[in-house]
Amino acid sequence: MRVLLVEDDPELGRRLSERLQSAGIAVDCAHNAEEARLWPDIESMTAIILDLGLPDGDGLDLLRHWRAGEASLPILILT
């Protein structure tokens, strides 16, 4: 299982990544909306954990972008 964690807070991102990895989940991290929007292989992810309050955009806009592109993977909103 591989997830994309979209979180701008470095400490929170680190702690979440560590906990997910200790449960056997591979974690890739994007630190802002632009980085997440341009993620090259989004469909290869099992799921996305998405922070709504990103410094360069609204997480809901990012969610709409992925859904408009027909990304069907589960997206867990973290705020």
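Of the 79 residues in this protein, 38% count as buried, where buried means under 20% relative accessible area, exposed means over 50%, and partly exposed covers what lies in between (1.4 Å probe, protein chains only). Bear in mind that this is a predicted model, so local features need pLDDT of at least 70 and side-chain atom pairs count only at pLDDT 80 or more, while totals for chains, interfaces and linings use all residues. Residues are numbered from 1 along each chain as its sequence is written, and side-chain values use heavy atoms, with hydrogens and water left out.

Now for the overall build. The protein has three helices and six strands, and along the sequence they come in the order β-α-β-α-β-β-β-α-β. Helices (H or I, at least four residues) and strands (E, at least two) are DSSP runs, numbered from the N terminus. Among the contacts with a separation of 6 or more, 64% join residues 24 or more positions apart; contact here means heavy atoms within 4.5 Å.

What about size? The C-alpha trace spans about 35 × 25 × 20 Å along its principal axes. The radius of gyration is 12 Å, which agrees with the value near 12 Å for a compact globule of 79 residues. That radius is taken over C-alpha atoms, and the globule rule is 2.2 Å times the number of residues to the power 0.38.

Let's zoom in on a few residues. S17 is found in helix α1 (residues 10-22), and it counts as buried because its relative accessible area is 8%. Leaving out residues up to four places away in sequence, S17 touches L5, V27 and C29. A polar atom of the S17 side chain also lies 2.9 Å from the backbone oxygen of G13.

Next comes L52, in the loop between β3 (47-51) and β4 (53-54). Again not counting residues up to four places away in sequence, L52 touches G57, D58, G59, L60, I77, L78 and T79.

Finally, look at E70 in the loop between α3 (59-68) and β6 (75-78). E70 counts as exposed because its relative accessibility is 66%. Its backbone is worth a look too: E70 has a positive phi of about 65°, although it is not a glycine.

Key: A polar contact is a pair of N or O atoms within 3.5 Å; within protein, one must be able to donate a hydrogen and the other to accept it, and residues adjacent in sequence count only if both atoms are side-chain atoms.
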